[in-house]
Amino acid sequence: APLFGIINTFPPEKRLLLRERENGMYRLSAYYISKMLTELPHQCIFPIVAVSTLYWMVGLQSTVSAFLTLVGLTMLLSLVAQGLGFLISAGAPTLNTALVMSNLVILPFMLFGGFFTKTAAIPVYFKWLNTISFFRLAFQAAVVNEFKDVTFHCEGICPYRDGNELIKASGIDPDCLFGNVMGLVAYLVGVRLLAFLMLWIRTRPKVKHA
(Lines give C-alpha, C1' and ligand atoms only; values in the text may rest on other atoms or scores of the structure.)
Protein backbone atom coordinates (compact mmCIF):
# COMPACT_ATOMS: atom_id res chain seq x y z
CA ALA A 1 0.00 0.00 0.00
CA PRO A 2 2.74 2.59 0.77
CA LEU A 3 4.36 1.91 -2.61
CA PHE A 4 1.17 2.29 -4.66
CA GLY A 5 0.18 5.37 -2.71
CA ILE A 6 3.42 7.15 -3.48
CA ILE A 7 4.11 6.38 -7.16
CA ASN A 8 2.05 9.36 -8.35
CA THR A 9 4.32 11.78 -6.47
CA PHE A 10 6.74 12.87 -9.21
CA PRO A 11 5.33 12.21 -12.74
CA PRO A 12 2.73 15.04 -12.66
CA GLU A 13 5.28 17.53 -11.28
CA LYS A 14 8.35 16.79 -13.40
CA ARG A 15 7.77 19.54 -15.97
CA LEU A 16 7.13 22.11 -13.25
CA LEU A 17 10.13 20.87 -11.29
CA LEU A 18 12.38 21.07 -14.35
CA ARG A 19 11.27 24.62 -15.12
CA GLU A 20 11.75 25.78 -11.54
CA ARG A 21 15.15 24.13 -11.34
CA GLU A 22 16.19 25.89 -14.56
CA ASN A 23 15.14 29.17 -12.93
CA GLY A 24 17.17 28.36 -9.83
CA MET A 25 14.19 28.72 -7.51
CA TYR A 26 15.30 25.98 -5.09
CA ARG A 27 17.66 23.06 -4.79
CA LEU A 28 16.45 19.59 -5.75
CA SER A 29 17.50 18.26 -2.34
CA ALA A 30 15.13 20.71 -0.61
CA TYR A 31 12.24 19.59 -2.82
CA TYR A 32 13.01 15.91 -2.30
CA ILE A 33 13.44 16.14 1.47
CA SER A 34 10.20 18.11 1.80
CA LYS A 35 8.38 15.38 -0.13
CA MET A 36 9.75 12.69 2.15
CA LEU A 37 8.93 14.63 5.32
CA THR A 38 5.33 15.31 4.29
CA GLU A 39 4.76 11.59 3.72
CA LEU A 40 6.62 10.47 6.85
CA PRO A 41 3.82 10.92 9.45
CA HIS A 42 1.39 8.84 7.41
CA GLN A 43 3.92 6.05 6.90
CA CYS A 44 4.64 5.95 10.64
CA ILE A 45 1.13 6.39 12.05
CA PHE A 46 -0.61 3.82 9.83
CA PRO A 47 1.61 0.86 10.88
CA ILE A 48 1.21 1.82 14.55
CA VAL A 49 -2.59 1.89 14.24
CA ALA A 50 -2.73 -1.30 12.15
CA VAL A 51 -0.45 -3.35 14.42
CA SER A 52 -2.04 -2.00 17.60
CA THR A 53 -5.46 -3.04 16.31
CA LEU A 54 -4.55 -6.51 15.04
CA TYR A 55 -1.85 -7.58 17.47
CA TRP A 56 -4.06 -8.29 20.47
CA MET A 57 -6.97 -9.60 18.35
CA VAL A 58 -4.74 -12.28 16.80
CA GLY A 59 -3.31 -13.24 20.17
CA LEU A 60 0.40 -12.76 19.55
CA GLN A 61 2.93 -12.59 22.38
CA SER A 62 1.61 -10.41 25.18
CA THR A 63 4.90 -8.70 25.94
CA VAL A 64 5.69 -5.05 25.38
CA SER A 65 9.06 -5.80 23.77
CA ALA A 66 7.56 -8.19 21.19
CA PHE A 67 4.79 -5.73 20.39
CA LEU A 68 7.13 -2.76 19.97
CA THR A 69 9.52 -4.83 17.86
CA LEU A 70 6.71 -5.79 15.48
CA VAL A 71 5.59 -2.16 15.31
CA GLY A 72 9.15 -1.13 14.45
CA LEU A 73 9.46 -3.85 11.79
CA THR A 74 6.16 -2.83 10.22
CA MET A 75 7.22 0.81 10.15
CA LEU A 76 10.55 -0.10 8.55
CA LEU A 77 8.79 -2.23 5.93
CA SER A 78 6.39 0.62 5.19
CA LEU A 79 9.23 3.14 4.84
CA VAL A 80 11.21 0.81 2.56
CA ALA A 81 8.15 0.32 0.34
CA GLN A 82 7.66 4.10 0.32
CA GLY A 83 11.28 4.60 -0.74
CA LEU A 84 10.87 2.07 -3.53
CA GLY A 85 7.76 3.97 -4.59
CA PHE A 86 9.82 7.17 -4.72
CA LEU A 87 12.40 5.40 -6.89
CA ILE A 88 9.81 4.08 -9.35
CA SER A 89 7.99 7.42 -9.39
CA ALA A 90 11.22 9.30 -10.06
CA GLY A 91 12.21 7.02 -12.93
CA ALA A 92 8.85 6.61 -14.66
CA PRO A 93 7.93 9.14 -17.36
CA THR A 94 4.18 8.82 -16.73
CA LEU A 95 1.85 7.63 -13.99
CA ASN A 96 0.67 4.67 -16.08
CA THR A 97 4.26 3.55 -16.58
CA ALA A 98 4.86 3.88 -12.85
CA LEU A 99 1.84 1.67 -12.11
CA VAL A 100 3.08 -1.05 -14.45
CA MET A 101 6.63 -0.87 -13.09
CA SER A 102 5.45 -1.04 -9.48
CA ASN A 103 3.55 -4.27 -10.13
CA LEU A 104 6.51 -5.80 -11.94
CA VAL A 105 8.79 -4.93 -9.02
CA ILE A 106 6.63 -5.61 -5.97
CA LEU A 107 4.96 -8.90 -6.91
CA PRO A 108 8.17 -10.97 -7.26
CA PHE A 109 9.44 -9.58 -3.95
CA MET A 110 6.18 -10.64 -2.28
CA LEU A 111 5.95 -14.08 -3.91
CA PHE A 112 9.52 -15.05 -3.08
CA GLY A 113 9.76 -13.30 0.30
CA GLY A 114 9.24 -16.51 2.28
CA PHE A 115 5.63 -15.97 3.35
CA PHE A 116 3.88 -17.72 0.47
CA THR A 117 6.68 -20.22 -0.24
CA LYS A 118 9.36 -21.58 2.06
CA THR A 119 12.85 -20.48 1.09
CA ALA A 120 13.96 -24.11 0.62
CA ALA A 121 11.13 -24.70 -1.88
CA ILE A 122 12.04 -21.75 -4.13
CA PRO A 123 13.64 -22.87 -7.42
CA VAL A 124 17.36 -22.16 -7.73
CA TYR A 125 16.85 -19.71 -10.59
CA PHE A 126 14.58 -17.59 -8.36
CA LYS A 127 16.76 -17.66 -5.23
CA TRP A 128 18.19 -14.25 -6.04
CA LEU A 129 14.72 -12.74 -5.73
CA ASN A 130 14.41 -14.21 -2.26
CA THR A 131 17.86 -12.87 -1.36
CA ILE A 132 17.08 -9.26 -2.31
CA SER A 133 13.46 -9.27 -1.12
CA PHE A 134 12.85 -6.77 1.66
CA PHE A 135 9.66 -8.71 2.47
CA ARG A 136 11.91 -11.65 3.38
CA LEU A 137 13.89 -9.50 5.80
CA ALA A 138 10.75 -8.23 7.54
CA PHE A 139 8.95 -11.60 7.52
CA GLN A 140 11.86 -13.57 8.96
CA ALA A 141 12.48 -10.96 11.64
CA ALA A 142 8.77 -11.00 12.58
CA VAL A 143 8.76 -14.83 12.83
CA VAL A 144 11.83 -14.81 15.09
CA ASN A 145 10.35 -12.00 17.19
CA GLU A 146 7.15 -14.00 17.74
CA PHE A 147 8.37 -17.58 18.15
CA LYS A 148 11.94 -17.60 19.45
CA ASP A 149 12.21 -19.35 22.86
CA VAL A 150 8.43 -19.85 23.01
CA THR A 151 7.17 -23.20 24.36
CA PHE A 152 4.04 -24.68 22.79
CA HIS A 153 1.31 -26.34 24.84
CA CYS A 154 -0.86 -28.59 22.72
CA GLU A 155 -3.68 -31.03 23.32
CA GLY A 156 -2.31 -34.20 21.78
CA ILE A 157 0.74 -34.29 19.53
CA CYS A 158 2.54 -31.01 18.78
CA PRO A 159 4.11 -30.78 15.31
CA TYR A 160 6.80 -28.64 16.95
CA ARG A 161 7.86 -28.74 20.60
CA ASP A 162 8.77 -25.07 20.70
CA GLY A 163 9.15 -21.94 18.61
CA ASN A 164 12.82 -22.60 17.91
CA GLU A 165 11.95 -25.85 16.12
CA LEU A 166 9.34 -24.05 14.05
CA ILE A 167 11.82 -21.32 13.09
CA LYS A 168 14.43 -23.86 11.99
CA ALA A 169 11.83 -25.92 10.10
CA SER A 170 10.91 -22.75 8.21
CA GLY A 171 14.53 -22.35 7.11
CA ILE A 172 15.01 -19.16 9.14
CA ASP A 173 18.10 -18.29 11.15
CA PRO A 174 16.98 -17.89 14.82
CA ASP A 175 19.54 -15.11 15.26
CA CYS A 176 18.59 -13.11 12.16
CA LEU A 177 16.55 -10.39 13.88
CA PHE A 178 19.27 -7.77 14.28
CA GLY A 179 20.85 -8.49 10.89
CA ASN A 180 17.52 -8.28 9.11
CA VAL A 181 16.67 -5.00 10.81
CA MET A 182 20.01 -3.59 9.66
CA GLY A 183 19.24 -4.92 6.18
CA LEU A 184 15.93 -3.07 6.15
CA VAL A 185 17.66 0.12 7.31
CA ALA A 186 20.23 -0.26 4.52
CA TYR A 187 17.40 -0.86 2.04
CA LEU A 188 15.59 2.24 3.32
CA VAL A 189 18.63 4.47 2.86
CA GLY A 190 19.67 2.88 -0.43
CA VAL A 191 16.36 3.19 -2.30
CA ARG A 192 15.92 6.80 -1.17
CA LEU A 193 19.39 7.76 -2.35
CA LEU A 194 18.76 6.01 -5.67
CA ALA A 195 15.41 7.81 -5.95
CA PHE A 196 17.13 11.17 -5.44
CA LEU A 197 19.78 10.28 -8.03
CA MET A 198 17.10 9.18 -10.50
CA LEU A 199 15.12 12.38 -9.93
CA TRP A 200 18.27 14.46 -10.40
CA ILE A 201 18.97 12.73 -13.72
CA ARG A 202 15.38 13.03 -14.96
CA THR A 203 15.00 16.73 -14.05
CA ARG A 204 18.52 17.94 -14.79
CA PRO A 205 18.31 21.38 -16.48
CA LYS A 206 19.47 21.42 -20.07
CA VAL A 207 22.68 23.29 -20.75
CA LYS A 208 21.93 26.49 -22.64
CA HIS A 209 24.46 27.29 -25.34
CA ALA A 210 25.21 30.91 -26.18
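Trainee: Which residues of α5 are buried?

Mentor: Keep in mind that this is a predicted model. Buried here means under 20% relative accessible area. In α5, the residues that pass are Ala 98, Ser 102, Ile 106 and Phe 109. Looking down the axis of α5, you'll find them within an arc of 55°, so they line one face of the helix.

Trainee: And which residues are exposed on the other side of α5?

Mentor: Over there, Asn 96 and Leu 104 are exposed.

Trainee: How far apart are the end C-alpha atoms of helix α5, and what span should its residues give?

Mentor: Take 1.5 Å a residue: the 17 residues, 95-111, should span 24 Å. The end C-alpha atoms of α5 are 24 Å apart, which agrees.

Trainee: Now the surface. Which residues make the nonpolar patch?

Mentor: Leu 107, Met 110, Leu 111, Phe 115 and Phe 116 make a nonpolar surface patch of about 520 Å². Take Met 110 as a case: this residue sits in helix α5. Its relative accessible area is 31%, so Met 110 counts as partly exposed.

Trainee: Last one, the cysteines. How many disulfides does a search of the whole structure find?

Mentor: First the idea: a disulfide is a covalent bond between the sulfur atoms of two cysteines. Searching the whole structure here turns up zero disulfides.

Trainee: Are Cys 44 and Cys 176 buried or exposed?

Mentor: Cys 44 is buried, at 17% relative accessibility. Cys 176 is buried too, with a relative accessible area of 7%.

Definitions and conventions
Residues are numbered from 1 along each chain as its sequence is written. This is a predicted model: local features need pLDDT of at least 70, side-chain atom pairs count only at pLDDT 80 or more; totals for chains, interfaces and linings use all residues. Side-chain values use heavy atoms; hydrogens and water are left out. Helices (H or I, at least four residues) and strands (E, at least two) are DSSP runs, numbered from the N terminus. The expected span of a helix is 1.5 Å times one less than its number of residues. Buried means under 20% relative accessible area, exposed over 50%, partly exposed in between (1.4 Å probe, protein chains only). The arc is that of the directions from the helix axis to the C-beta atoms. Patches are made of residues with over 30% relative accessible area and no salt bridge: like charges are joined within 9 Å, nonpolar side chains (Val, Leu, Ile, Met, Phe, Trp, Tyr) within 5 Å. Accessible areas come from the Shrake-Rupley method with a 1.4 Å probe; for residues, only the protein chains shown count as cover. A salt bridge is a side-chain nitrogen of Lys or Arg within 4 Å of a carboxyl oxygen of Asp or Glu. A disulfide is a pair of cysteine sulfur atoms within 2.5 Å.
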